[in-house]
Amino acid sequence: MAHSNNTSTIPIVDFGAFLDGRQEEKERVARQMDDAFREVGFVYLKNHGIPKDKVEECFSWSNKFFALPLETKMLAPHPPSGAHHRGYSAPGLEKVTQHQYEKDEIAKSREVPDYKESYESGNVNDEAQPNIWLPEEKLPGFRTFMESYFTECAALIHRILDALSIALAVPAGGLSPTHSQSLFQLRLLHYPAIDAAELKNNNRSRINAHSDFGTLTLLFQDDVGGLEVEDPKHPGHFSRAGPVEDAVLVNIGDLMMRWSNDRWRSTVHRVGLPPPRTMSIPGPGVDTEGRRNGGKVVELEDAEGVVVPDRYSIPFFATADMDTVIEALPGTWGADRPKKYEPVTAWGYVQMRMAATYEE
Ligand SMILES: O=C(O)CCC(=O)C(=O)O
Ligand SMILES: [Fe+2]
């Protein structure tokens, strides 16, 4: 995990001004988001409209789910085929998710296994990828809550699409109708506690550097930290993108980058060691008041045997309906900025990317 610093350049935007504001406020927020996605591809949204107690409740369901015995979680197994992305994946089983794609230069990082477990669910009406639930009595109420949280997240995605449509002046209803089938994916992620040395020496990672595959991703994270985002101006350098109170982190995926004719960035990110904390180690001596002295202050992660705590995060991946034609959006091309890519349907794009992945 070399080359990381503590300062994140990701803007924080008050989305409440978009949800409740007058037209000029909506336009101002839309411009702020456009700027953020052009510069870093990530933005923190405050006042995003998903109630705080719902977010907390989702983390609490996630805790309960992952605390179940492995054999119980395996009653809702993720199918071996990557095409059906639902259900539970145990640590070590799924190195790279099919929703993501690694650029050539970082493909080699795949050799470092991710140490995480996940549970995926989607739209209850998605016939291509039906949800895979535990028997209700194993975790009563889990399914009902997850279905309602999916709906909250989907609604937020549509409001973000509205803001982006204003930013580009997309005509006729904007981008929201291109996501009408809600082919989205709600993921619970648990990174088990791990020896700091394992992460530090790159023996294992929490999640390797990757970009997201679809149009937009929402990310809720707990207080642990460790998420890092690549600096677009300095490839290979990562900045921290830790939790911001009551904010959801939103980022652009590869499909949206192409759709916006590379105006918006799909930025590489990863999860590793949390920010360094210090710990004082008491020394062997005793001072006049009986306190131990002669100790030293060390970076916690440098101390031998230090364990990095469990981390929980909740990404929500959005993508466009499969028949959507992905061709440079209005406002993203012109005489001075020609279209970079051939039109392709969202479905054609998935096929193309799958083929490229298998060639590697
Ligand atoms: O756990 C996180 O903070 C990031 C997860 C992520 O990037 C992903 O699942 O695509
Ligand atoms: Fe990601």
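Guide: Axes are lines fitted to C-alpha atoms, for helices over the stretch in contact, and angles run from 0 to 180 degrees between N-to-C directions. The model is predicted, with local features needing pLDDT of at least 70, side-chain atom pairs pLDDT 80 or more, and totals for chains, interfaces and linings using all residues. Residues are numbered from 1 along each chain as its sequence is written, while chains are lettered from A and ligands numbered from 1 in the order written.

Visitor: Why are α2 and α5 described as roughly perpendicular to each other?

Guide: The axes of α2 (residues 23-39) and α5 come within 8 Å and cross at roughly 90°, and angles of 65 to 115 degrees count as roughly perpendicular (under 35 parallel, over 145 antiparallel, the rest oblique), so the two helices take that name.

Visitor: What makes the contact between them?

Guide: Lys-26, Glu-27, Val-29, Ala-30, Arg-31, Met-33 and Asp-34 of α2 meet Ala-163, Leu-164, Ile-166 and Ala-167 of α5, contact requiring C-beta atoms, placed from the backbone, within 7 Å. Seven of these residues are nonpolar and four charged, with no polar ones (Ala, Val, Leu, Ile, Met, Phe, Trp, Tyr, Cys and Pro are nonpolar; Asp, Glu, Lys and Arg charged; the others, Gly among them, polar).

Visitor: How does the reach of α5 compare with the expected value?

Guide: Helix α5 (residues 142-168, a DSSP run of H or I with at least four residues) has 27 residues and reaches 39 Å from first to last C-alpha, close to the expected 39 Å, which is 1.5 Å times one less than its number of residues. Just after α5, Ala-169 takes a positive phi of about 55°.

Notes. Two residues are in contact if their C-beta atoms, placed from the backbone, lie within 7 Å.
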